[in-house]
Amino acid sequence: MKILLVLSSIVFPIIMVYLQNKNKIFLMIFNMIAVISTLIFGSIASTSIYQIIVDNAVFMTAIHKVFLNPLFLITGAYLGIYILYRLMIITLDER
């Protein structure tokens, strides 16, 4: 499973760069998904932290419940891949 995670974080950004070079519409699609993912990711994180403060349950283990939320994990994974994709584009443009 660890190998799959590492390989996917290498392969998916490369595929994204290829698709973006093939058709510029993918640039807009990838950016829009990143904006939506950032909104969802930030909202889940902030509401989780707010709820912990309201409940006065400020323990190290209480905040880790956010990692059980599949939407949080999916949006965070996309943002990680998206950042690598954007770094690849910047690197290719600067050469």
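**Aromatic cluster and helix packing in a predicted model**

In this predicted model, ring pairs join Phe 26, Phe 30, Tyr 78, Tyr 82 and Tyr 85 into a cluster.

Me: How many aromatic pairs does the structure hold, and what geometry does the pair of Phe 30 and Tyr 85 have?
Reply: The structure holds 6 aromatic pairs. For Phe 30 and Tyr 85, the ring centres are 5.3 Å apart and the planes stand at 75 degrees. Planes over 60 degrees apart count as edge-to-face, so the geometry of Phe 30 with Tyr 85 is edge-to-face.

Me: How many residues apart in sequence are the parts that the pair of Phe 30 and Tyr 85 ties together?
Reply: Phe 30 belongs to helix α2, which covers residues 25-54, while Tyr 85 belongs to helix α3, which covers residues 70-94. Both Phe 30 and Tyr 85 are buried.

Me: What kind of aromatic pair do Tyr 82 and Tyr 85 form?
Reply: Tyr 82 and Tyr 85 are 3 residues apart in helix α3, and are therefore separated by about one helical turn. Their rings lie 5.7 Å centre to centre, with 50 degrees between the planes.

Me: Is Tyr 82 buried or exposed, and what is the relative accessible area of Tyr 85?
Reply: The cut-off for buried is under 20% relative accessible area. Tyr 82, with a relative accessible area of 14%, is therefore buried. Tyr 85 is buried as well, and its relative accessible area is 0%.

Me: How are α2 and α3 oriented to each other, and what is the handedness of their crossing?
Reply: The axes of α2 and α3 are 9 Å apart, and the helices pack at an angle of about 135 degrees. That angle makes α2 oblique to α3. The crossing of these two helices, α2 and α3, is left-handed.

Me: How many nonpolar, polar and charged residues does the contact of α2 with α3 have?
Reply: On the α2 side, the contact residues include Phe 30, Ile 33, Phe 41 and Ile 44, and on the α3 side they include Tyr 78, Tyr 82, Tyr 85 and Arg 86. Sorted by class, the contact of α2 with α3 has 14 nonpolar, 5 polar and 1 charged residues.

Me: Where does Ile 33 lie, and what separates the C-alpha atoms of Ile 33 and Tyr 78?
Reply: Ile 33 lies in helix α2, and at 36% relative accessibility it counts as partly exposed. Ile 33 and Tyr 78 are 45 residues apart along the chain, yet the separation of their C-alpha atoms is 8.4 Å.

Me: Which residues in α2 does α1 meet, and how are α1 and α2 oriented to each other?
Reply: Met 16, Leu 19 and Gln 20 in α1 meet Phe 26, Leu 27 and Phe 30 in α2, a contact with 5 nonpolar, 1 polar and no charged residues. The axes of α1, which covers residues 2-22, and of α2 come within 6 Å and cross at roughly 135 degrees. The orientation of α1 and α2 to each other is therefore oblique.

Me: Where is the place of His 64, and how far apart in space are His 64 and Ser 48?
Reply: His 64 has its place in the loop between α2 and α3, and with a relative accessible area of 40% it is partly exposed. His 64 and Ser 48 are 16 residues apart in sequence, and their C-alpha to C-alpha distance is 9.4 Å.

Notes: Residues numbered from 1 in each chain as written. Predicted model: local features only at pLDDT ≥ 70, side-chain atom pairs only at ≥ 80, totals over all residues. Heavy atoms only, no water. Phe/Tyr/Trp six-rings, centres within 6.5 Å; stacked < 30°, edge-to-face > 60°. Helix = DSSP H or I, 4+ residues; strand = E, 2+ residues; numbered from the N terminus. Buried < 20%, exposed > 50% of the residue type's maximum accessible area, 1.4 Å probe, protein only. Axes fitted to C-alpha atoms, helices over the stretch in contact; angles between N-to-C directions. Parallel < 35°, antiparallel > 145°, perpendicular 65-115°, else oblique. Left-handed = near helix turned anticlockwise from the far one by under 90°. Contact = heavy atoms within 4.5 Å. Nonpolar A, V, L, I, M, F, W, Y, C, P; charged D, E, K, R; others polar.
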